[in-house]
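Subject: Structure handover

Hello,

Please look it over before reading my notes, which come after it.

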Amino acid sequence: MLYFSKLKIISVLIFTLIISFFTISNFINIDNKLFNRNINLGLDLQGGSYLLLEIDNKPVVIQKLQNKLSSLKKFFADKDIRSTNFKIIDDEKISFVIDEDSLDKVLSLLTDKESEINPYFQRFKTHEFDVKETKVLSSTNITLEFSDYGLVQLKSSSQNQAIEIVRRRVDEIGTNEPNILKRGNDRILVELPGLENPDRIKSLLGKTANLTFRFVTLNEEESFGTEKLLYEDGSEAIISKRIILSGDNLVDAQPRMDNQSNQTVVTFTLDRVGAKKFARATSSGVGKRLAIILDGKIISAPNIVEPIVGGAGQITGDFTFQSATDLALLLRSGALPAPMKIIEERTVGPGLGQDSINAGILSLIIGFALVVLFMIVKYKIFGLIANVTLITNLLLLIGILTLFEATLTLPGIAGIILTVGMAVDANVLIYERIKEEIKSESNKIVAFDSGYVKSKTTILDANITTLIAALILFILGSGPVKGFALTLGVGILTTLFSVYFIARLFTALYVIKNKDKEKLI
Amino acid sequence: MEKRNIPFNKFYKRFNIMSLFLILFSLILLTFKGLNYGVDFKGGTLIELRTLDNTLNISDLRKSFSKLNLGDVTVKEFGKENDYVIKFEKKQSIEENFIENIKIELSNDIGNIFEFRRVESVGPKVSDELLKSGIIAIVLSLGAMLIYIWIRFEWQFSLGAITAVFHDVVITLGFFSLLNFEINLSIVAAVLTIVGYSMNDTVVIFDRVRENLKKYSDIKIFEITNISINETLSRTIITSVTTLLALLSIFIFGGAILKGFSFAMILGVIVGTYSSIYIANPILVRLNVSQKTILKEEKV
């Protein structure tokens, strides 16, 4: 075990130097993409916000069921199949009644792999809807319910739309390097490094931004139906359910100061279709009041004085410049497919982040110094070798984290310090073994050799157990804790490398030179 | 150097009885008193706040926060002077701007003399999931270690090692319950690391026990364990000391956030070192492990 080939020495040295170089590259600026790498600081160290949003898909499900219900009605009518009593039950099932003699035909239409109305997903081997039939007297009741994968499909499609909108909103605010990721099939994770105050972004992300233009009605007998909606101040108005225009037709929106009224307004531009619709509605509706409704609340309901045909208009309301800017931003970035809720928030201010870095570094230095001192007192020259190993170990550990541009968190720093404490274990195991071997073996080199050989399985066993714990924590842990598992796990690997290649090399060199010394260790 | 021979095995029985009591006591505590879950696992909101006015004291803050109608609010000092942690459980889901509202109302009440250094808000669904995944992580790691030890050693050794680790986890958690110590995500990390450390310590002694079993066919396991503990004792002590030095450094200098984590680890390292001597080994004795045990396995 004490013999090293020249080739091995050189390759170990080169490897160590390259990795250590990356550690140093954190502290200097290099004009080369390949070499200029840095450890990412976690949100808990550099400050920032972590937001977990959950999409509430219930409205989407109801909408989809309503659409499916109307297309089913039409589908059966076209095929001359009598179907009656269509309804949606518990917001999750469609139910309708057919004659018994058309049952086979209906079932084959609904459950065939080529079904037009109930698509079959080859990949999941299931239809969009599960079909159930129950006999009621001479007719049959059919219910359609989203299959598991039908629901997954629906959720992931609304997640895809939502993440796009979230991205646009976050980009509009212009924070640096936001991180927006999918989580599961109904969640979106937003990480905003360096953001000191997430309040504005939170209020922007929490809004669905569903904009509609609808007429205010006086009589309640409108053919589309009516509903009572509230203004911001709590007063109410009766609004037609007919949507003149929705936010989908907007191509741009900007906050502006209106020169005449000295009020802040939001101006908008419509696409071609939207401009046509808007012109038609405002021409026929002169004298009526047109309500502008955002997420079920009336922003304002101005009188239509003259037809608006240019495809541009403005929204008045009780705006401050900030709220007008936010509204314009929301309208530009589009509506979310479904409402979202913030279900987890973690925000760290820059002051605390810096304090944590300082505390982390201080405790690393002190912990390191204490361990180094202890090893020198305990093992003298071999303590020194163990300490050189420890330093190499740290350089390798931080170097590897830098090479992969890993994220360092506060618990991650704790993991590094813990690695310092536990890394000497392997060397201690070897040295203690050598001490035992030396008692029965007069040849020092043989004693050292068998010390290394005999302690090997123990060291492997001992480290693998810790590695298992780190691995599981890495897989199941979240956020900062994952950072801890990472440094602990990588720390074990670099420890084994530095003990078996670096420390052993130094030990070999020293022992071969001083093999005749009376008390070597 | 003279051969060290401390009669650890004389105290096997006494310490086993003590451990049994501790485990029982811990289980009772865990069943009836339970653990003090933090925001991560219980849901709710945590605000770390620094006041910029030295005259403001904790009771002023308590008064201000109790006016905000947030339900059960606890205000505690945190680390340095002027730093406080405020925790409350909000029953409804998190509204987008409720933190902003708190800031506004607070500055109306006591003036704009504070800085929100950290905000953590966890909804009930997320906290349930975090708790579940924390428990799964601990159970899985125990399982994975069991499998590893099973492959590497005979079943008697696996049983010994797993019992020792189980002992550590239960007693550490019992201690947390007793001290009303707050359990958050980093404590789960600490417990897992304790599991790894304790196992590590046990494996080192067990490796020596196996070696000695092969070497001496005429010595009983009762003595063999004692010889093995003594032979590995200096390593056990040195590694515990260096690990504790590192942990103490985190505990003292690492800031308030890492206090709980490092405290848990310190406790775990001490309990883990104890258990690898006084739990793992007596089980080998009780199971009457002998040279035959390991030779049988090797023939197969």
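This is a predicted model: local features need pLDDT of at least 70, side-chain atom pairs count only at pLDDT 80 or more; totals for chains, interfaces and linings use all residues.

Domains. Chain B falls into two domains: domain 1 covers 8-38 + 126-299, and domain 2 covers 44-121. Taken over C-alpha atoms, the centres of domain 1 of chain B and domain 2 of chain B are 40 Å apart.

Cores. The largest nonpolar core has 183 residues, and the members that touch the most others are B:A161, B:V191, B:L192 and B:V195. Helix α9 (residues 350-403) of chain A contributes the largest share of this core, 18 residues. A separate core of 14 residues lies apart from it and includes B:F65, B:I102, B:F114 and B:F116. As for B:V191, once its neighbours within four places in sequence are left aside, it is in contact with B:I138, B:V169, B:T172 and B:A264.

A helix in chain B. Helix α6 (residues 155-179) of chain B has 25 residues, so at 1.5 Å a residue it should span 36 Å; the end C-alpha atoms are 36 Å apart, in agreement with this. After α6(B) comes B:N180, which has a positive phi, near 60°.

Where the chains meet. On the chain B side 59 residues are in contact with chain A, and on the chain A side 58 residues are in contact with chain B. The elements of chain B that each supply at least two residues to this side are α4 (98-110), β5 (114-122), α5 (124-152), α7 (185-215) and α8 (221-253). Of these, α8(B) gives the most, with 14 residues. By type, the side of chain B that touches chain A is made up of 30 nonpolar, 17 polar and twelve charged residues.

Strand β5(B). Eight of the nine residues of β5(B) are buried, leaving the strand mostly covered. Within chain B, strand β2 (residues 44-51) is joined to β5(B) by eight bridges, and the two run antiparallel. In that pairing B:L46 stands opposite B:E120. β5(B) also pairs with strand β20 (residues 340-348) of chain A, in the antiparallel sense and over five bridges. There, B:E120 is the bridge partner of A:R346, and B:S121 is the bridge partner of A:E345.

Regards

Conventions: Residues are numbered from 1 along each chain as its sequence is written. Chains are lettered from A and ligands numbered from 1 in the order in which they are written. Domain bounds come from an automatic or database domain assignment. A nonpolar core is a set of buried Ala, Val, Leu, Ile, Met, Phe, Trp, Tyr and Cys residues joined through C-beta atoms within 7 Å. A residue is buried if 20 or more other C-beta atoms lie within 10 Å of its own, exposed if 12 or fewer, and partly exposed in between; C-beta atoms are placed from the backbone. Helices (H or I, at least four residues) and strands (E, at least two) are DSSP runs, numbered from the N terminus. Two residues are in contact if their C-beta atoms, placed from the backbone, lie within 7 Å. The expected span of a helix is 1.5 Å times one less than its number of residues. Ala, Val, Leu, Ile, Met, Phe, Trp, Tyr, Cys and Pro count as nonpolar, Asp, Glu, Lys and Arg as charged, and the others, Gly among them, as polar. Two strands pair if DSSP finds at least two bridges between them.
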